[in-house]
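Student: Please pick one part of this model and take me through it closely. I want to know what it packs against and how it sits in the rest of the fold.

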Amino acid sequence: PVKHPNPVFVPLGENDYGPVFEKALEVLGDYGFEIANSNRYDGRIDTTPRVSPGLGLFLKSGSPDIYERLLSTYQTYRHRVTVQIQPAEQGGYFLEFIVRKELEDLPRPIRSTVGGAVFRAELTVDRQTEVIDPTIYDPAWIYRGRDEALEQELIRRYRCR
């Protein structure tokens, strides 16, 4: 497969910003991402996190890399996408697709029954003393870097449009 540069250059005129922005929204929507924030004037699109499918869901759109799919089969990963659109000096636009991969951090497996009769890991009373905005800090997810294979897939789909 051909590796496209990221950010990718779109050689259109100054009056073609609307279609460039709309096509980026369409590509993200076709790939199953929900838009959390899109600002046409800022040139930025953010998606809500989406749990990545494993090998069992090979027809569902996700990372095209088999190794990443295998990881998502045995552990819970999610993707968060940001698209930044910047005008180029010579005309046209630069689109940068940033796909962040995050791993779910659990104290123990969800359906683990080992030692459940003897030791209880859960508290009997669930008290929440402070509400933290999940868009700022989410302690249940660990940042694991960027998913370049998914970035390349989004760029390829954008270029096909």
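Tutor: What follows is a close look at one helix and its surroundings.

This is a predicted model, in which local features need pLDDT of at least 70 and side-chain atom pairs count only at pLDDT 80 or more, while totals for chains, interfaces and linings use all residues. Numbering starts from 1 along each chain as its sequence is written, and side-chain values use heavy atoms, with hydrogens and water left out.

Start with the fold. The protein holds three helices and seven strands. Both are DSSP runs numbered from the N terminus: H or I over at least four residues for helices, E over at least two for strands. Along the sequence the pattern reads β-α-β-β-β-α-β-β-β-α. Of the 161 residues, 34% count as buried. Buried means under 20% relative accessible area and exposed means over 50%, with partly exposed in between (1.4 Å probe, protein chains only). Residues 24 or more positions apart make up 64% of the contacts with a separation of 6 or more. A contact means heavy atoms within 4.5 Å.

Now the helix α1, residues 17-30. Its 14 residues should span 20 Å at 1.5 Å a residue, and the end C-alpha atoms are 20 Å apart, which agrees. That expected span is 1.5 Å times one less than the number of residues. Y17, V20, F21, A24, L25, V27 and L28 are buried in α1. They cover an arc of only 160° around the axis, so they lie on the same side of α1. The arc is taken from the directions from the helix axis to the C-beta atoms. This buried set packs against β1, β2 (35-39), β3 (44-47), β5, β6 and α3. After α1 comes G32, whose phi is positive, near 95°.

Two rings stand out on this helix. Y17 and F21 form a tilted aromatic pair, 6.1 Å centre to centre with 35° between the planes. Phe, Tyr and Trp rings (the six-membered ring for Trp) pair if their centres lie within 6.5 Å; planes under 30 degrees apart are stacked, over 60 edge-to-face, and the rest tilted. Y17 and F21 are four residues apart in α1, so about one helical turn separates them. Ring pairs also bring in Y93, giving a cluster of Y17, F21 and Y93. The structure holds five aromatic pairs.

Next, the core. In soluble globular proteins, nonpolar side chains tend to be buried together. Here the largest nonpolar core has 23 residues, and V83, I85, L95, L154 and Y158 touch the most other members. Such a core is a set of buried Ala, Val, Leu, Ile, Met, Phe, Trp, Tyr and Cys residues joined through side-chain atoms within 4.5 Å. At least two core residues come from each of β1 (8-10), α1, β5 (77-87), β6 (93-104) and α3 (148-160). The largest share, seven residues, comes from α1.

L95 ties several of these pieces together. Leaving out residues up to four places away in sequence, L95 touches N6, P7, V8, V10, V20, A24, V83, Q84, I85 and Y158.

Finally, look across to α3. Buried there are L150, E151, Q152, E153, L154, I155 and Y158. What covers them includes β1, α1, β5, β6 and β7 (141-146).
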